[in-house]
There are 2 protein chains.
Amino acid sequence: MKILHYASVAPTYVDNDQARGIAARVVIGKDDGASHFCMRMFEIAPGGYSPKHAHAWDHEIFIHSGEGEAYDRGAWHPVYPGTVLFIAPGEEHQIRNTGGGKLVFACLIPSGVPEL
Amino acid sequence: MKILHYASVAPTYVDNDQARGIAARVVIGKDDGASHFCMRMFEIAPGGYSPKHAHAWDHEIFIHSGEGEAYDRGAWHPVYPGTVLFIAPGEEHQIRNTGGGKLVFACLIPSGVPEL
């Protein structure tokens, strides 16, 4: 069994034209022998956002803390602690922080695609 | 995209000789077209616990709120908000609530095994 606090993993920071204010961590992945799916943790700073994009694999997301919005088919939907999102393959999506603190969520993907 | 708060799903309650005080919900599963893995949410009441057991599939767990302990190879380890657990296939495990409020966590499993 592997037990850790997600924040103990060194983050990868993302700040570019498509995404702002992101700290990303692979917390369970292929290096742990996880052969089916991968857990990543994301922290988005106030005002930050993930890229608006689509890809061939699905996302399963759990919002841990903070306040934000998720983009789906032309509209923004509020997300907050306890919100669950399933993004099917090919669905365009984006998440942005609309609150004053970090927006923190787990985002899981199938094995075999880039972990970050 | 599917967006919901986990608590909007009707829970399945578990209270027997092996497990106490559990409310379990499948929040993303095969009925959503999730073909790789399944997200379940568990709430364990104060004093409650999951069964001590082992099985052929892995778990990826994220602790959302509350305080508890996880059993691994004869010892109990504290878990709290932000703790991540990877339980490999075949590893005996159990989670118990040691706090005064609900212990709430996401537990993900590969597709093809019982969702609850």
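Through which surface do the copies meet, and what share of the interface residues of chain B are also interface residues in chain A? In this predicted model, 100% of chain B's interface residues are interface residues in chain A as well, so the copies meet through the same surface.

A word on reading the views: residues are numbered from 1 along each chain as its sequence is written, while chains are lettered from A in the order in which they are written. Because the model is predicted, local features need pLDDT of at least 70 and side-chain atom pairs count only at pLDDT 80 or more, whereas totals for chains, interfaces and linings use all residues.

**View 1. Chain B laid on chain A.**

**View 2. The side of chain B that touches chain A.** Here 34 residues from chain B meet 34 residues from chain A (contact: C-beta atoms, placed from the backbone, within 7 Å). The largest share of chain B's side, 5 residues, comes from β8(B) (strands are DSSP runs of E, at least two residues, numbered from the N terminus). By class, this side has 20 nonpolar, 8 polar and 6 charged residues (nonpolar: Ala, Val, Leu, Ile, Met, Phe, Trp, Tyr, Cys and Pro; charged: Asp, Glu, Lys and Arg; polar: the others, Gly among them).

**View 3. A strand pair between the chains.** Strand β1 of chain A, residues 2–5, pairs with β8(B) in the antiparallel sense over 4 bridges (pairing takes at least two DSSP bridges). Within β8(B), Thr83(B) stands opposite His5(A).

**View 4. Ser50(B) and its surroundings.** Ser50(B) sits in the loop between β4 and β5 of chain B. It counts as buried because it has 25 C-beta neighbours inside 10 Å (buried: 20 or more other C-beta atoms within 10 Å, with C-beta atoms placed from the backbone). Leaving aside residues up to four places away in sequence, Ser50(B) touches Ala19(B), Ile22(B), Ile44(B), Gln94(B) and Ile95(B).

**View 5. Ala106(A) in the largest nonpolar core.** Of this core's 56 residues, Phe62(A), Ala106(A), Phe62(B) and Ala106(B) touch the most other members (a nonpolar core joins buried Ala, Val, Leu, Ile, Met, Phe, Trp, Tyr and Cys residues through C-beta atoms within 7 Å). Not counting residues up to four places away in sequence, the contacts of Ala106(A) include Met39(A), Ile61(A), Phe62(B) and Ala106(B).

Conventions. Contact = placed C-beta atoms within 7 Å. Buried ≥ 20, exposed ≤ 12 C-beta atoms within 10 Å, placed from the backbone.
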